[in-house]
Amino acid sequence: AHSSAAARGGEALFKCRATMATESTSLLGGLGGDGEKRASSEAGSSGWKDRRPSSHLEKVIRQGSSMFGSGGMRHLEDWRQKASDDFIILSTVALLGLVLAVVVNETLWYSAVGFETMDNGITTLLKILILSLSLVSFFFLYAYYSSLLEVLRKQGVELEPGFSIVSLWESRLLGNFIMDLLILLPQPLPFVHYTVLVGDLHHEGHDAVYTSDNIFMGLMFLRILFLPRLISEFGFRGKSMTFVMARMNYVEIDTWFVLRSLFVANFSTLLFLIGTTIMVFAYIILLCERPYPKADELTEFMSCLWLTLITMTTVGYGDVVPLTKMGRFVSAINACLGVVFLSLVIQGVVQRVKMTHREQRVIDYMQESEVRNGCRQSASTVMAKVYLQYKENCKMLRRGQNPTKVKVHPRVRAVLMDFRQAHRAMKTCEPDPEVFISLQVRELKEDVKRMSDMITLIADKLNLAEGRTKSN
């Protein structure tokens with residue numbers, strides 16, 4: 001049975017290697033010997049397309065050559081680069097405004113008399129600077145979405161001309177644009193000051209006094225949502241062939257896809273975002289608890305940081321608790337995010353320690369070798385015990401005694417039991433020949449597919465280079 005399975009597996013491996021050789025020869029032949037024919041005549045080009053392994057790849061290449069025209073792909077990459085630059089400037093300016101708003105809030109708090117805060121010259125100038133940075137952010141928000149619309153138009157999507165609500169609706173970017181606009185709106189305004197009283201939980205008459213600067217400061221932390229997108233823009237900057245590969249595999253590269261890829265590929269990015277979120281929530285709890293007259297423990301940032309960390313890790317000692325309604329609301333959101341972050345961290349750790357298929361094969365081989373060695377050791381022990389017992393029985397027979405049979409002797413039976421267990425373990429560890437051969441065939445097919453994708457990418461680059469040469 002093993003020999004027949006090995007014969008069938010060998011035949012399958014031979015066919016798979018033959019398929020790999022045929023695919024490689026045909027594709028490389030198209031890239032090598034027929035390159036001049038494709039550049040000189042239309043017949044050669046059609047002959048090359050007939051040898052393409054994927055019809056969708058044909059469609060992508062035709063779009064890159066006919067829809068965009070000569071040099072069109074270069075213009076598409078220019079618009080992508082412009083959109084990336086616009087968003088980097090937008091998010092950088094928005095986060096800088098957030099840092100200045102924190103400076104303004106702390107300056108007002110430590111210069112306040114009781115719970116009444118009043119603007120001075122420095123804080124007023126800083127608020128004007130924050131407002132100017134927000135206006136710059138609005139401009140680059142418009143430029144960013146205009147560039148995204150141009151990218152879609154270059155890809156062949158029919159949209160209304162210009163930048164309008166209709167074009168954003170047709171491109172399915174209207175919701176994202178409105179969300180980004182709402183994120184940028186909250187900010188402490190110069191020459192605007194009012195207070196809001198929020199009743200305490202125990203109805204003792206000690207209301208929390210929130211100023212307009214506190215309220216807008218807390219809402220301004222929504223700009224932290226730009227931070228992971230900013231990291232993703234830097235991560236995919238200058239990787240033009242990634243978009244080609246995504247279109248070949250029907251994958252849309254959006255913000256969620258980029259974030260997931262960064263979390264999987266770069267575990268430090270996930271840890272950085274979690275640490276930033278902990279710091280942000282700690283400061284928001286400080287904003288909520290500090291204006292409360294009876295708040296004694298959560299008036300310092302380190303105490304708020306301790307509460308946030310304990311809440312996110314679902315420990316909850318209970319030694320420090322928020323006393324205001326807003327503080328408990330923020331802590332509830334913090335607890336929900338902690339569950340999400342813990343699951344992401346666990347998944348990242350599992351991805352790091354998970355063995356690949358080839359590494360698992362090495363581990364399996366090491367375990368099989370250990371089991372085989374144990375079986376050999378048990379077999380040698382049985383042989384030694386049987387030989388010694390045989391010699392002892394011979395001596396007993398010469399003395400005229402009636403010896404015990406070798407196979408039923410207690411010492412021999414004990415080592416025989418150990419040998420049988422080791423032999424069963426070895427049989428269990430031995431892989432089924434058919435399963436082993438099927439795994440080998442699957443690996444070879446994956447290698448063939450990977451080689452074909454690599455060759456088609458090289459072909460795409462050659463087509464683009466030929467198009468640029470003809471245009472020049």
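I started with Phe226, which is buried at a relative accessible area of 0%. For the record, buried means under 20% relative accessible area, exposed over 50% and partly exposed in between, with a 1.4 Å probe and protein chains only. Before going on, I noted that this is a predicted model, where local features need pLDDT of at least 70, side-chain atom pairs count only at pLDDT 80 or more, and totals for chains, interfaces and linings use all residues. Residues are numbered from 1 along each chain as its sequence is written, and side-chain values use heavy atoms, with hydrogens and water left out.

Phe226 sits in helix 10 (residues 226–235). Helices here are DSSP runs of H or I with at least four residues, strands are runs of E with at least two, and numbering goes from the N terminus. I then asked what Phe226 touches, not counting residues up to four places away in sequence. I found Phe87, Ser91, Ala94, Asp180, Ile183 and Leu184, where contact means heavy atoms within 4.5 Å. Phe87 is 139 residues from Phe226 along the chain, and I get 9.1 Å between their C-alpha atoms.

**Aromatic rings**

Phe226 also turned up in an aromatic cluster, together with Phe87, Tyr142, Tyr144, Tyr145, Phe163 and Phe177. Rings of Phe, Tyr and Trp (its six-membered ring) pair if their centres lie within 6.5 Å; planes under 30 degrees apart are stacked, over 60 edge-to-face, and the rest tilted. How many aromatic pairs are there in the whole structure? My search came back with nine. I looked up Phe139 and Phe140: the ring centres are 5.3 Å apart and the planes at 80 degrees, so I wrote the pair down as edge-to-face. Phe140 is buried, with a relative accessible area of 18%.

Tyr144 and Tyr145 make an edge-to-face pair too, with 5.1 Å centre to centre and 75 degrees between the planes. Are these two tyrosines buried or exposed? I have both Tyr144 and Tyr145 down as buried.

Next I checked Lys127, which is in helix 6 (residues 121–154). Its relative accessibility is 0%, so I count Lys127 as buried. Leaving out residues up to four places away in sequence, Lys127 touches Val104, Leu108, Asp119, Pro188, Leu189, Pro190, Val192 and Asp213.

Thr124 is in helix 6 as well. I have Thr124 as buried, at a relative accessible area of 15%. With neighbours within four places set aside, Thr124 contacts Asp119, Pro190 and Phe191.

I looked at how helix 13 (residues 267–289) packs on helix 14 (residues 301–312): the angle is about 125 degrees and the axes are 8 Å apart. Axes are lines fitted to C-alpha atoms, for helices over the stretch in contact, and angles run from 0 to 180 degrees between N-to-C directions. Helix 13 and helix 14 are therefore oblique; under 35 degrees would be roughly parallel, over 145 roughly antiparallel, 65 to 115 roughly perpendicular, and the rest oblique. Among the contact residues are Thr277, Ile278 and Met279 of helix 13 and Phe301, Cys304 and Leu305 of helix 14. Ala, Val, Leu, Ile, Met, Phe, Trp, Tyr, Cys and Pro count as nonpolar, Asp, Glu, Lys and Arg as charged, and the others, Gly among them, as polar.

Then I moved to helix 14 and helix 15 (residues 325–353), which pack at about 50 degrees with axes 8 Å apart. That makes helix 14 and helix 15 oblique to each other. The contact uses Leu307, Thr308, Thr311 and Met312 of helix 14, and residues of helix 15 including Ser331, Asn334 and Phe341. Here I count six nonpolar, five polar and no charged residues.

**Two positive phi values**

Arg172 has phi near 60 degrees, a positive value in a residue other than glycine. I found Arg172 in the loop between helix 7 (165–170) and helix 8 (174–184), and at 76% relative accessibility it counts as exposed. Thr314 also has a positive phi, about 60 degrees, and is not a glycine. Where is Thr314? I located Thr314 in the loop between helix 14 and helix 15.
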